[in-house]
Amino acid sequence: MIVSHLNLTDFRNYTSVDVAMVPGPNVFVGSNGQGKTNLVEALGYLSTLGSHRVSTDHAMIRTGQDAAIVRARLEHAERQVLTEVQINRSGANRAQVNRTAIRTRDLPRYFASVLFAPEDLALVRGEPSGRRRFLDELLVQRSPRLSGVMTDYERVLKQRNTLLKSARSSGLRENGLSTLEIWDERLVALGSEIIEERSRLIAELLPEVAAAYTAIAGAEHSATLMTQLSVLAKSGDDEVDDAATRGGVLTAAEAAEFFRAALARLRRAELDRGITLVGPHRDDLVLILNDLPARGYASHGESWSFALALKLASAEVLRRESPSGDPVLILDDVFAELDQSRRARLASAVGGFEQVLITAAVLEDVPEQLAGHIVRIRAGAVVEDDA
Ligand SMILES: Nc1ncnc2c1ncn2[C@@H]1O[C@H](COP(=O)(O)OP(=O)(O)OP(=O)(O)O)[C@@H](O)[C@H]1O
Ligand SMILES: [Mg+2]
């Protein structure tokens with residue numbers, strides 16, 4: 001799939017802009033603060049209804065305006081789709097496909113993209129929640145149905161926590177205990193499905209991450225993934241527990257068994273602390289580089305490369321089963337952080353994607369083989385190449 005045309009109205013620092021894009025690499029160049037990231041952020045939003053930079057939509061509406069509009073023409077196998085989203089300061093956002101209104105939440109089905117940006121360094125260095133989000137977003141991108149399972153799990157978790165908290169303050173009576181057991185079963189049923197889905201995804205990502213890391217960093221490096229499952233932990237502590245770290249796929253039935261046992265084991269601790277101590281909301285994806293955990297050991301460039309490998313791997317996984325070709329690969333400011341040999345290797349690794357959108361403050365940072373179609377950005381406008 002490719003984006004052949006992008007039009008923005010009142011999006012961030014753009015009043016109005018039209019950008020034509022080509023298959024293969026497209027490079028957006030401009031000084032700091034001119035609007036390169038804004039441009040690719042708009043496409044990311046069209047594809048996921050979220051921004052990699054902010055959690056609320058309002059920041060994307062140009063200051064002083066009421067609405068931002070992102071429109072893109074997508075092409076795949078001679079077919080064209082015109083997609084549009086309007087982000088409103090007040091009231092719900094609106095979406096259109098081929099000028100017909102659709103439910104906004106259905107928009108992501110039309111446009112698959114994978115965006116890598118400096119913020120993704122947090123995938124390697126940050127808290128487990130970021131890695132869980134990475135996995136869960138990819139799961140939902142592949143099977144939208146899972147979004148319902150995740151929402152239900154969150155709801156059950158919240159209700160169970162409320163019950164545990166009230167038990168802590170007033171003691172758990174007989175009927176409270178049986179209510180807790182009902183929530184336990186729901187928690188286990190939904191949670192085990194999430195554990196299985198994540199573990200299958202991790203198993204699928206693993207060879208792709210290893211290959212992508214080697215492709216970027218060279219064959220002498222090895223990157224691998226493990227799962228850290230709170231249902232296997234001996235205690236409910238936040239400390240890393242080796243027994244809880246494992247590889248391989250876990251079925252929902254196996255997960256449910258561990259889950260029930262963990263809830264029984266930690267009943268006392270949960271009642272004391274008033275929160276649910278085990279379940280997919282406490283799990284982690286462990287990233288291992290050359291036999292050491294990347295978090296806490298990897299260098300800046302290595303962490304960057306690992307985060308990038310995770311994103312490239314997710315693009316591979318998406319491309320494998322997509323009926324509409326490759327996801328559009330978006331690389332925001334990635335080359336400046338890599339050494340020359342990693343830059344060149346990355347250029348070859350992404351060369352096979354139908355379309356790659358690259359931003360860079362300095363064109364010299366972008367390997368020559370990718371610097372074919374260049375778009376210069378200045379103060380929220382596209383400027384002619386010789387300007
Ligand atoms: N809602 C908004 N309304 C108006 N301007 C905005 C809005 N949000 C961001 N901006 C402006 O957009 C500019 C940032 O653009 P962007 O992040 O795309 O820069 P960039 O070209 O990627 O720069 P860098 O090379 O530093 O990454 C800033 O000057 C910021 O003030
Ligand atoms: Mg930027």
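# Briefing: ligand contacts, loops and a cavity

A polar side-chain atom of T37 lies 2.7 Å from an oxygen atom of ligand 1. That is a polar contact, defined as a pair of N or O atoms within 3.5 Å; within protein, one must be able to donate a hydrogen and the other to accept it, and residues adjacent in sequence count only if both atoms are side-chain atoms. This is a predicted model, in which local features need pLDDT of at least 70 and side-chain atom pairs count only at pLDDT 80 or more, while totals for chains, interfaces and linings use all residues. Residues are numbered from 1 along each chain as its sequence is written, chains are lettered from A and ligands numbered from 1 in the order in which they are written, and side-chain values use heavy atoms, with hydrogens and water left out.

**Ligand 1**

- There are 16 residues around ligand 1, and G33, K36, T37, N38 and A59 come nearest. Here a residue is near a molecule or strand if one of its heavy atoms lies within 4 Å of it.
- K36 places a polar side-chain atom 2.7 Å from an oxygen atom of the ligand.
- For D333, an N or O atom in the side chain is 3.4 Å from an oxygen atom of ligand 1.

**G35**

- G35 sits in the loop between strand 3 (24-29) and helix 1. Helices (H or I, at least four residues) and strands (E, at least two) are DSSP runs, numbered from the N terminus.
- G35 counts as buried because its relative accessibility is 6%. The classes are buried under 20% relative accessible area, exposed over 50%, and partly exposed in between, with a 1.4 Å probe and protein chains only.
- Leaving aside neighbours within four places in sequence, G35 is in contact with N13, Y14 and I377. Contact means heavy atoms within 4.5 Å.
- G35 and R267 are 232 residues apart in sequence, and their C-alpha atoms are 52 Å apart in space.

**R89**

- R89 belongs to the loop between strand 5 (79-88) and strand 6 (94-97).
- At 32% relative accessibility, this arginine is partly exposed.
- Not counting residues up to four places away in sequence, R89 touches H58, I61, R62, T63, G64, Q65 and D66.
- A59 is 30 residues from R89 along the chain, with 9.4 Å between the C-alpha atoms.

**S51**

- The loop between helix 1 (36-48) and strand 4 (67-76) holds S51.
- S51 is buried, at 18% relative accessibility.
- The S51 side chain has a polar atom 2.8 Å from the backbone nitrogen of R53. A polar atom of the S51 side chain also lies 3.2 Å from the backbone nitrogen of V54.
- Residues up to four places away in sequence aside, S51 touches E41, Y45 and M60.

**P108**

- P108 is in the loop between strand 7 (100-102) and strand 8 (113-116).
- P108 is partly exposed, at 28% relative accessibility.
- P108 touches S47, T48 and L49, not counting residues up to four places away in sequence.

- R12 has a positive phi near 50° and is not a glycine. R12 lies in the loop between strand 1 (2-11) and strand 2 (14-20). At 18% relative accessibility, R12 is buried.
- A77, also a residue other than glycine, has a positive phi of about 45°. A77 lies in the loop between strand 4 and strand 5. With a relative accessible area of 59%, A77 is exposed.

**Cavity**

- The structure holds 1 cavity of 30 Å³ or more. On a 1 Å grid over the protein atoms alone, a cavity is a set of points where a 1.4 Å probe fits but cannot get out; lining residues have an atom within 4 Å of a point.
- The volume of the largest cavity is about 60 Å³. Grid points are joined across faces, edges and corners, and a volume is the space filled by probe spheres set on the points.
- The lining of the largest cavity includes R132, L135, I195 and D283. Helix 3 (128-142), helix 5 (174-217) and strand 11 (284-289) each give two or more residues to that lining.
- Helix 5 gives the largest share, 3 residues.
- The lining residues divide into 5 nonpolar, 1 polar and 4 charged. Ala, Val, Leu, Ile, Met, Phe, Trp, Tyr, Cys and Pro count as nonpolar, Asp, Glu, Lys and Arg as charged, and the others, Gly among them, as polar.

Key. On a 1 Å grid over the protein atoms alone, a cavity is a set of points where a 1.4 Å probe fits but cannot get out, and a pocket is an open set with protein on both sides within 12 Å along at least five of seven lines; lining residues have an atom within 4 Å of a point.
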